[in-house]
Structures are given as C-alpha cells and as structure tokens.
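Student: I am new to this structure. Could you take me through it step by step?

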Amino acid sequence: SLVAARYPREVHMHVRRHSMASLPEVPSDLEQWCRASFKDKERRLQSFYASEETPLGPSTECPVGTRELHARWMHAAAFWALAC
C-alpha cells in the first residue's frame, strides 16, 4: 500500500509529452482524444503483463532511495489531485 509507505520493488513509467497545439480544442474532440490515449495505455499494459517485456521503447534505469520514491509519489498524487 502506498499510503502505508510500502512501495513495489520496481516501478515502470512511460511519459509521453504532447504540445498544447497538437491537442483538440473542441471539448468533445478532446474527450475522444483522452479516451483513445487511455485505450492505448491499457493496450500497452496488457502487452506488458502478458509478456513481462516493456513495449514502450528504450528505458532508462533511475535507481532511487525510499525517501526519494516517497517524495515522487507524493508529488504525483498532488499533481493529479490538483489537475482534477
């Protein structure tokens, strides 16, 4: 449990940046874009869990300590809380 500060031994993250200009401006189009992005993420996760190989391209290992990992999780949680 992340709340109890018990973290997984390994965490995989895939970050894809999109320029604001590339995003749809019409709310219904943006909603479709978000749904398509979510479906793509789910497809990648299914592929990962089926083969245990990352389909996401090159990876960079970044070993971090428990304190730093906790801080990163808290920053991510705060970002998503504010973004919603």
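Student: How many helices and strands does the protein chain have?

Tutor: This is a predicted model, where local features need pLDDT of at least 70, side-chain atom pairs count only at pLDDT 80 or more, and totals for chains, interfaces and linings use all residues. Residues are numbered from 1 along each chain as its sequence is written, and side-chain values use heavy atoms, with hydrogens and water left out. Helices (H or I, at least four residues) and strands (E, at least two) are DSSP runs, numbered from the N terminus. The protein chain has two helices and zero strands.

Student: What percentage of the residues count as buried?

Tutor: Buried means under 20% relative accessible area, exposed over 50%, and partly exposed in between (1.4 Å probe, protein chains only). The protein chain has 84 residues. The buried share is 5%.

Student: Phe48: buried or exposed?

Tutor: Its relative accessibility is 19%. Phe48 therefore counts as buried.

Student: Which type of pair do the rings of Phe48 and Tyr49 form?

Tutor: Rings of Phe, Tyr and Trp (its six-membered ring) pair if their centres lie within 6.5 Å; planes under 30 degrees apart count as stacked, over 60 as edge-to-face and the rest as tilted. The count comes to one aromatic pair. The centres of Phe48 and Tyr49 are 5.4 Å apart and the planes stand at 65°, so the pair is edge-to-face.

Student: How far apart are the N and O atoms in the salt bridge of Arg35 and Glu31?

Tutor: A salt bridge puts a side-chain nitrogen of Lys or Arg within 4 Å of a carboxyl oxygen of Asp or Glu. Arg35 and Glu31 sit four residues apart in helix α1, so about one helical turn separates them. Arg35 is exposed at 54%, while Glu31 is partly exposed at 42%. Their N to O distance is 2.9 Å.

Student: Which residue meets Glu42 in a salt bridge?

Tutor: Glu42 is partly exposed, with a relative accessible area of 28%. The N to O distance is 2.2 Å. The partner is Lys41.
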